[in-house]
Amino acid sequence: MQIKPLVLLLSLCSLSSLAAPVVLHNIQGYGFDENRQLVNFQALAFDDETGEVLARGDNSLIAQYATAKKLDGKGQTVLPGLIDGHGHVLGLGEYLNQADLRGIVSEQQSAASVATFAQNNPQQQWIIGRGWNQVLWESNAFPSKNSLDEMVADKPVYLVRVDSHAAWVNSKALALAGITKDTIDPPGGEIIRDANGEPTGVLIDNAMYLVQRKIPAPTPTEKRAALKTAFNHLHAVGITSVHDAGVNTDVMKLYQTLQQEKQLGVRIYPMLSAKDPELQNWFAQGIIDDPTDWLDIRSVKIYGDGALGSRGAALLADYSDQPGQQGLLVTQPDALTEIMRLTLAAGFQANVHAIGDRANRLVLDRFEQLSTSETRQLSRHRIEHAQIVSPQDIPRFKALHVLPAMQAVHATSDMNMAGDRLGVARLRGAYAWRTFIDQGSIIVGGSDFPVELANPFHGLHASVTRQDQQNQPVGGWLPEQRLTLVEALRSFTVDAAYGAFQEDKMGTLAPGSWADFILVDQDIFSIPAEKIWQTTTVETWIHGQQRYKKPL
């Protein structure tokens, strides 16, 4: 992190009369200094035209900025705007308008919920939903097309599992996709079949696309509306910036249009999808470094393996609860090498999805083979998720300057099945936040919404407690991997900004940074840790402008 010269900071203050200053006072403010250490302050001065922080300190700033507009914070807590280092913005907007199966505790209840959604939305040609999780069901088994056929037979149904790595469909959808007993599994995918070889209605990873490609694509108008829905939701939960993990050209151009129209609701750090046919054209354009940091284009999302819940995460040894199964590589090794080589050669940041220990090792090997230590350090390449890593590979993240981009809520969501999937021994390298932090790695925090809920206070709570919202298990799951609250807040602020080359302007509320901040209803540093997830955002400010105020 670069330290801004003191003379520049003083000049910012001395020129306050030329700016359009606002002083937010009577607050319990928290930010970070140039060494990533927590700083407390009672007043924040910022320019609502340039969008920059001018100064922070005690309430004497009111006198220093005598002509400024004064805002009384009424003792509320102020935090830097929270950054989600791995989310899916369009997916969130779409999810908020689809059948929601999150938390439903049986296959039959899930199918009934889908039927209710279909009845309430008769205009829908396809019934789309997400959030089912068979691990929560008493059966603990994948669902069947039969239960959906009983409820919705006349329209195709496509339901994405909570981790986005499996789909549950009805017979109508299978027929439209031409999936039969004779259909061959695509590379990196699996069609789940019954004892007679017939498709059951569950598709894993790349097999999902056999049906997905038949779903009518949303129109530009529908995409724009979905993005607006997502922006509004993110404002309400205190998120001011998102690293959008896997964006195709259509959405990227829509982002650019929204930026030009000053309608981009949150700061977006988009990762170009490695599957986008236009990727080479983006490489030819080169890095787009937006001086306002609303839309910096310089990274690529590359797909390694599947997810643990659907047994698609690529493991070095068999799944403990399914001998003979070691997961799936969504991108085959030679293809993975080539796309990583092209990304690195173009000077872009490579952000590779890797959940299983085999996938993490394959990706680390390629970072080591394809680049020098100097270029790796400058490029800040990332492994997205880094959930199950062989203990001998964890030090390689630090040695190779690879950032783990991890989502704390995945641990508390997965803890009820991770032990079954992995066995005890492999848990030593699973969701190992403390181990990464102690070796000096910088963790880019996030949620992976809409796989998980977007609320970042859920992630802060999970980081600190290793518990669900019912305070289970007692003492936390693998509690030796807990973070302190300061470390957790860093992962959602300045450290997430570091993962996007933005730490000089975001995540600290230091003078000269963007005035992205939130007011919340409780001081997270003075309440019991188990209550952190209950924190509510009262106001959200981005670039010195209020974007959200909680309704009274």
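# Helices, cis prolines and positive phi angles

Guide: In this predicted model, proline 473 sits in the loop between H17 and helix H18 (485–491).

Visitor: What is the peptide bond from glutamine 472 to proline 473 like, cis or trans?

Guide: The bond from glutamine 472 to proline 473 is cis, with omega near -5°. The bond from phenylalanine 449 to proline 450 is also cis, with omega near 0°.

Visitor: Where is proline 450?

Guide: Proline 450 is in the loop between strand S21 (444–445) and H17.

Visitor: Is arginine 466 buried or exposed?

Guide: Buried, because the relative accessible area of arginine 466 is 1%, and buried means under 20%.

Visitor: And what is phi at phenylalanine 501?

Guide: Phenylalanine 501 is not a glycine either, and its phi is positive, about 60°. This residue lies in the loop between helix H19 (494–498) and strand S22 (517–520). With 23% relative accessibility, phenylalanine 501 counts as partly exposed.

Visitor: New topic. How do H15 and H17 pack?

Guide: Their axes are 7 Å apart and meet at an angle of about 70°. H15 and H17 are therefore roughly perpendicular to each other, since that term covers 65 to 115 degrees. The crossing is left-handed.

Visitor: Which residues meet in that contact of H15 and H17?

Guide: From H15 there are Ala408, Val409 and Thr412, and from H17 there are His458, Gly459, Ala462 and Ser463. The contact residues divide into 3 nonpolar, 4 polar and no charged.

Visitor: How long is helix H12?

Guide: H12 covers residues 357–370, which is 14 residues. From first C-alpha to last, H12 reaches 20 Å, close to the 20 Å expected at 1.5 Å a residue.

Visitor: Which residues of H12 are buried?

Guide: The buried ones are Asp357, Ala359, Asn360, Leu362, Val363, Leu364, Arg366 and Phe367.

Visitor: What covers the buried residues of H12?

Guide: The cover includes helix H11 (333–345), strand S18 (349–354) and helix H15 (408–426).

Visitor: What does serine 390 touch?

Guide: Leaving out residues up to four places away in sequence, serine 390 touches Leu316, Asp357 and Arg361. Serine 390 is in the loop between S19 and H14, and is buried, with a relative accessible area of 10%.

Visitor: Last one. Why does alanine 175 count as exposed?

Guide: Because its relative accessibility is 59%, and exposed means over 50%. Alanine 175 is in helix H6 (residues 171–177). Its C-alpha is 9.2 Å from that of valine 211, which is 36 residues away along the chain.

Methods: Residues are numbered from 1 along each chain as its sequence is written. This is a predicted model: local features need pLDDT of at least 70, side-chain atom pairs count only at pLDDT 80 or more; totals for chains, interfaces and linings use all residues. Side-chain values use heavy atoms; hydrogens and water are left out. Helices (H or I, at least four residues) and strands (E, at least two) are DSSP runs, numbered from the N terminus. The expected span of a helix is 1.5 Å times one less than its number of residues. Buried means under 20% relative accessible area, exposed over 50%, partly exposed in between (1.4 Å probe, protein chains only). Contact means heavy atoms within 4.5 Å. Axes are lines fitted to C-alpha atoms, for helices over the stretch in contact, and angles run from 0 to 180 degrees between N-to-C directions. Angles under 35 degrees count as roughly parallel, over 145 as roughly antiparallel, 65 to 115 as roughly perpendicular and the rest as oblique. A crossing is left-handed if the near helix is turned anticlockwise from the far one by less than a right angle, and right-handed if clockwise. Ala, Val, Leu, Ile, Met, Phe, Trp, Tyr, Cys and Pro count as nonpolar, Asp, Glu, Lys and Arg as charged, and the others, Gly among them, as polar.
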